[in-house]
Structure formats: structure tokens, C-alpha cells
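Try each task before you read its solution.

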Amino acid sequence: MSLNAKIPVGPLKDKWQNYLAKTRIVNPANRKKLDVIVVGGGLSGGGAAASLAELGYNVKVFFFQDSARRSHSVAAQGGVNAAKNYKNDGDNVYRMFYDTIKGGDFRSREANVYRMAEVSVDLIDHMVAQGVPFGREYGGYLSNRSFGGVLVSRTFYARGQTGQQLLLATYQAMMKQVKVGKLKQYSRHEILDIVIIDGKARGIIARNLDTGEIERHAAHAVVFGTGGFGKIFYLSTLAMNSNGSANWRAHKKGAYFANPSWTQIHPTALPQSGEHQSKLTLMSESLRNDGRIWVPKNKDEKRAPGDIPDEDRDYYLERRYPAFGNLVPRDVASRAAKERMDAGYGVGPLKNAVYLDFKTAIERLGEDTIKERYGNLFTMYEKITAINAYKEPMKISPAAHFSMGGLWVDYELHTTIPGLFAVGEANFADHGANRLGANSLLQASVDGNFILPNTISNYLADDIRTGPISTDTAEFEEAEKAVKDQVEKLLSIKGTMPVDQIHRRLGKIMFKEVAMSRNEKGMLWAIEEIKKLRKEFWENAAIPGDEKGPNSELEKAGRLADYLEIAELMTVDALSRKESCGAHFREEYQTKEGEALRDDKNYMYSSAWEWQDEKDWKLHKEALEFTEVTPTVRSYK
Amino acid sequence: MKLTLKIWRQENAKTKGKLVNYELSNLSLDMSFLEMLDTLNEQLAVKGERGVEFDHDCREGICGQCSLVINGQAHGPEGHYTTCQTHLRSFKDGDTLAIEPFRANSFPVIRDLKVDRSSMDRIIQAGGYISSFTGMAPEANSIPIHHEIAESAFDSAACIGCGACVATCKNSSAALFLSAKVGHLAKLPQGKVERMERVVWMVNAHDEEGFGSCTHTGACAMVCPQEVQLLDIARMNYEYNRATCLVKE
């Protein structure tokens, strides 16, 4: 199957409007004959579910949390970008598009990125109307802050809980649709397979996590808002139950997986403090607006950070990147921190952190202003570390965060399986090889609320005469059996190695070799280790209990079984790309100054991997064509 | 560090539960409370015993999925923390900790420490939203909102819906949760259009779900991880009275 991204004709700035003008839509009377399953209740899935229900489709939404309000979009802190130009600082849709394309190191699809910037303007209007209490100036108008990789202030925020507030608005819109009966929600349900009938996605197999029952659900189309799989590293900023299983099982049924190895390592998370640790809490990038990052100039520095005078501090981001300083993009900031730590300048008991210091900002603005801007983050930091960051600098460290890769989708957010769509972090197209801060909430929300509802109609228009899809078919039967067999197989292992311990070991392999810095030798080693670990898992995982009723160890085991396969594809992908771009830094391909060295001649494409069998994948390449921008060396100096 | 745990084990909502003792040693003070439970579950898994079921997800205090009553206090001893943010440094070596689910008639136990809080979803379904569909919105800056009002709306909107207020209240009232949403939306100009129906519908749903009445002990606000204020409850009562009495006259 060849890849057709279905990019509409016309100049970049007209493509989306051209698409909307000509795409097929479904008449309101026919929408009530059409069923859509949405997987994921976060900003992308929830936004899609609410918007589709508002349009009159019959929607079922599935999520593993006990309420959609807990989806991991909730944890995004700093803000959401939009090209409103409220600051009169020269912002516009084109500039936002360009910043995002450049931030992604010229490895994203131009038309998708432009559309995201274009629709960003509507999103802020929408969220304000839903009651999001964004930060306001004293005149009552919306306030903005600046984020990494840009020179304007286009980030809208609700203190340090922007994701929570956008998610709650989306959740409330969903609850309204539940009340009027257009949306049915299935909480504590996990999707274990999709069902394909006559080549089209027509339903899912779900496990009710409370009762253990395996359920069949049919629909005319399926939408995945299933998020990212950064939890593969075990230690990450993701929620404990975030997972890649739905995407992976769709991949094994024919959905191509694009750029799987591009994981954003976030520069400002809390450092690991010991082996018991389960989570690396994120400290918002917005802190880099006012915080300065440094390490001591002396490797053997013994003084407390407050006692170290300025001349003995190395503000290495300001030194290396004077134009952007502390606000360089995330991949650059993470690699720079790694460089200092590897060279022995790390701070903290394990020498695995750098300082993020607010002293200058507090002197300039006062503690009250800092408290109003970031109060909840300082409180969160103190709750976890027992350190007051108003008095001494935070210790921060890079941690796995966001999956730029995901299911391959065309301009309509349609995967390579007809009838299966992917929105938000679950797809791949908008962020290239590195996502800019505050673009994640944006992409999730615009995909769900504004893009998918307008593109899915082009597909559903063919189904107005189909009638309800039955679950009583051989395809459902077969998919259900495969799911039940896997559950049984997991429970029959009865080994002695706890699932989390195997996951931690996988995470260590991946963080060492397939994270901030990659090389061929290390990755070949990683593939062998992953295979060994996979074997060990299936022989010796300790999964107690049964399949009836809640069983967290069984849930974790199912997800880990998939991670152990995803890990291999991530490594295969990273090995195949013999260049450095964005978050994908191959040690073999770097400039003298240690910056990423792209190879546009040979690698100006997105990798889309097709599952062949247990041993192999086939690589398809979607060539990236830039009509409005000229790829340049990405410099933040 | 060594701890003795008395953990509530219950097969499902229909069976009786009981406290079961577990001993853990070699714990680190930097461990979070939930990481301590992870450690216990790993030890149980090695022995082939079913793990302790508990709710958790983001582990950074924002999703509201973690719960637990620890030694009689919702979310543990610190006050204004979530359980996932509670660390073992809050306890002493050799302590005995009783760990129970959030208890309320409206929160039936699913298994062990997991409870069903869908009753809170249904309160929101009753009216905790602004009926603006995707595409309807006017330009965002066409509605100026006073800085202090936006900040105050945020304070209420920050509620994470964990249910600690219910678990703490002697009447199992969800008044703090309910009033946070009423307050968030009633304070903002966008939310004023539906304010009368909203508060009545939500209060009715709250009562129908079996949550108790508020008797203003203030215990809820003492544990709320987001420090939602009792003032929100007073505001809700005002909104309710305004909707049911004042405006009718």
C-alpha cells in the first residue's frame, strides 16, 4: 500500500478552507444512524466525542480511568499556544507555523502544521466560552506568556494547571452530551483489539476492568485519542496507566506506525532519587520564563547552591545559546543538561540534576509575582522534595515525556486502516522530530474539536445506508477469542519476576540507548536485550490473581507485553535513520559544536512502519515536501 | 524504615471486608506512599498472592484518581496533599498505619481500596457545564473578565474531584465538590446564563445520589488537596436560594 497523505490542493494558507469547502458532509437526519466509537477521554478523544455527539452522531467513549476528567491531559501545566497576536509582538499564523516547523527540525508535514496554527485561534475562543479561567491582565483581557523555541508570547495559561482546565472544559462538554443521551461513556474499560470487517474498522474488543468481562462494541468508525507511550521508559512524566496498547494492537492489524523512536525527553522534571521510584514529576517549561538553569563551574563544588557566587556558576544555556537562552526548545535543553551531567557537573546526591534558579526573578519581580505565576508548581515541588524553591534552586533533570511518533495518519487524520482515525498524541504528523512547548494541548484539542469532526464525515458519508453494525460476526468472534487467549496465557505464566521489575529493566535499556543520544552499537545491543527481556517476561512474569474482577498486575502485564514489542520497533526506527534531527540525536551525525546534523538529501521523510510478522517490519517513506519554507540548519544561538 | 500496615481487603461490594496485616522493612524515607504499596504488591506477586487493588494514575496530585484514608485521614496526615504526594518522611520508623478506602454510601467499594466515584460524574452531568457547542464561541477577548474574578473562578475550578471531602465529612456530603463547580461557573460571565438551572439541578442530583447534607463542620476544607474554600459552599447556598426563592418573587 502506498502512502497518500491526501493534502488538499492550493496555497498552504488556503488548503484547510479548500478542504472544508469541498469535503462531503452528512445530513443531520442521517447522523443519528451512524455510530462512532472513541477510545480515550482526554483532550483529543474527549473533544472528538463531545463534538461528534453535538453534531448528532451516536458516540461511545471508552477510557481506563474511573472518570474522563482524570485523563492524562490533566497533567499538562504551562499552557496552550495560539496565534492571536494579542501582544502586538508580530505574531501571526505563518510565524506560528514556521516556529513549529523549525522546532520540529523540518520533519513534520507542512500542511498539517499550518492547519494547526490556523485553527489555534478558534480554540481559544472555544475554551473561553466553555468557562476555562485563563489568566487575565488587569484590564480583563487574556494574558500570555512565552515558551521555548519562540520569540513571541503566544501561550495562554491557567496558572500551572492549563491542561487540567482545558480537560475539565472538555469533560463538562462530554457530560452535557451524556445527559442528553448522545454520548455513552464506558469508564474503567481497556481496549484490547480492534475489529476489522471487509477491510474496515468496525468495532473494538474491550475489557471491563471492574468485572474482567470481555465486551464487543461495534460502530461505523473508530477514533483513537489514546495518547503517547512514553511510559515505555518506566520512569517518565506520564501517568502510571498511560500505555501504547491500543495503538500497538491496531498496528498489528494494519495501521502503520510513524516515527516511533521520536520521544521528547523533557528537560525539567524531578530527578530520580532511588530504585523505588515510579514517576518523574514534570516541572512546567513555563518556569524557564523566569528561572535560570546552571551548574557549578567546579566539578567538586561542595557549597550549598545559595552560597555559590555568580562567577562560579555556569549558566550553560545562556552561554551556548545567547539568542534563546533558557528558552531553547526541549530537545536542545535536555541534551545540554546531559552534556553537563555526563561531564561530571551534575548536582544532587546522585549527580543527576541541574539547578533551576529563581533568585534573579524573585529579586526583580518579588516573591508574590512568582507565586502568582507558578505557585502551584512550587507547592508541588515542595510536597515531593520537602524543599522550598523560593529559598533555594530546584533540582531538575531530563525525563521521557511525549511521543512525537504515533499512528500514521493522512491529512484527514485517517490511519492506514479505513475507518480508524487517530487524534492528538496518538498520531504523528504535527510535531516533527521535536514538539514545542504548549503545542500538545493545542494539537490534542484542535484535532478533537475542530479537525476530526470535519474530516470523519467524508468517510461516514458512505455509510448512511449501511445500517447498524452487528457484533455477532465471525470477525468479532475471532478477535474476542484472541483477546481471551492472551489473558489466559498471561495468567498461566505464574513466574517469580514482578511485572514492574521487568518494566524497569526495559526502561533502563531504552533510556540508555534509545533516548537523548543514540548510536548504532548501543542500539544493536538494545535490540538483543529487549528480545531477551521479552523471552524472560513470557517465561517468568509473576502475575497473580485471576481474570475475574479488578487485577492491576494483569493490566500492567498486558501493557508491558506490548511495550516489549514497541521497544524493538522504536530501536529499529532509530537505527534506520542515519542522521540527527530534533530529539533523534545520533552520535555519529553531529556538528563540531555537538549540534544535530540533518541529512535532508537522504532522510527528508517520515518513516511509516508496516507490521509484517513477529520478526519484521516493512518501511514506507512519506516524502516531506516544503513549499513555503526552506529547511535550514536549526539554530538557537 | 519499617512499617506495619493494616490494609482493608474486600473482594467486592457484596462481600464483607477486613483489615489484614502486612509488615514492610527496608523502606526509604524518600519513597512515596504509593511506591510503598507498589513494593508490597511486588512482594505479594512473587508469592503468587493477589495484590492490593488501589486507585492511582498521574502520581503528581492533579488527576484525582488516588484516594485512601490513612490512619483515619483522607489522603494521609499532611492535609492538602493527595495520597500520591504523601511520602514516607511523614511517618516514623516502626509506625502502624491503617489504610482504608474512601468510605461513603455513594462510593461503593469495587475491590480492596478501589471505590466507584461515578456518582460525582452524575452531579456534573446534571448541570456542571456551559452549553456552548464547538463552533459557537465568540472572539475570546470580547468578554473581558476582571483579573480577580478570573483568579477566584480558577480557585474553585482547581478542584480535582478526588472525593476526599466526601470521605472526610461525617455526613458524606459532597458539598465542597459540588460548590466548587457551581462557584467556578457562576463567577464567570460565560456561566451566568445558566446559573439558576445549574445550581438547582446539581444540588438535586447530589441529594439523589445519596450524599448527605452539609452541616458546616469545615472538615472537608481541611483535607482538600486544592484548598477549595468553604466560602464556595456559602456561595452555592446563595446561588440556590437566589434561584429558588429570590428570582421567583
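This is a predicted model.

**Exercise 1.** Find which residues of helix 2 of chain B are buried.

*Solution.* 
Step 1. Apply the cut-off: a residue is buried if 20 or more other C-beta atoms lie within 10 Å of its own.
Step 2. List the residues that pass. They are B:Ser119, B:Met120, B:Asp121, B:Ile123, B:Ile124, B:Gln125, B:Ala126 and B:Gly127.
Step 3. Compare with the helix, residues 118-127. Eight of its 10 residues are buried, so helix 2 of chain B is mostly covered.
Step 4. Look for the cover. It includes helix 5 (175-187) and helix 6 (195-208) of chain B, together with helix 6 of chain A.

**Exercise 2.** Describe the side of chain A that touches chain B.

*Solution.* 
Step 1. Count the residues in the contact. Chain A gives 69 and chain B gives 67.
Step 2. Find the elements on the chain A side. Those giving two or more residues include helix 3 (43-55), helix 6 (162-180) and helix 16 (552-576) of chain A.
Step 3. Pick out the largest share. Helix 6 of chain A supplies it, with nine residues.
Step 4. Sort this side by class. It has 25 nonpolar, 28 polar and 16 charged residues.

**Exercise 3.** Explore the largest nonpolar core.

*Solution.* 
Step 1. Start with its size: 273 residues.
Step 2. Name those with the most contacts inside it: A:Val222, A:Val223, A:Phe224 and A:Leu407.
Step 3. Find the largest share. Helix 5 (residues 110-129) of chain A gives 11 residues.
Step 4. Zoom in on A:Val223. Among the residues it touches are A:Val36, A:Ala48, A:Phe421 and A:Leu452.

Methods: Residues numbered from 1 in each chain as written. Chains lettered and ligands numbered in written order. Predicted model: local features only at pLDDT ≥ 70, side-chain atom pairs only at ≥ 80, totals over all residues. Core = buried A, V, L, I, M, F, W, Y, C linked by C-beta atoms within 7 Å. Buried ≥ 20, exposed ≤ 12 C-beta atoms within 10 Å, placed from the backbone. Helix = DSSP H or I, 4+ residues; strand = E, 2+ residues; numbered from the N terminus. Contact = placed C-beta atoms within 7 Å. Nonpolar A, V, L, I, M, F, W, Y, C, P; charged D, E, K, R; others polar. Lists of a residue's contacts leave out its neighbours within four places in sequence.
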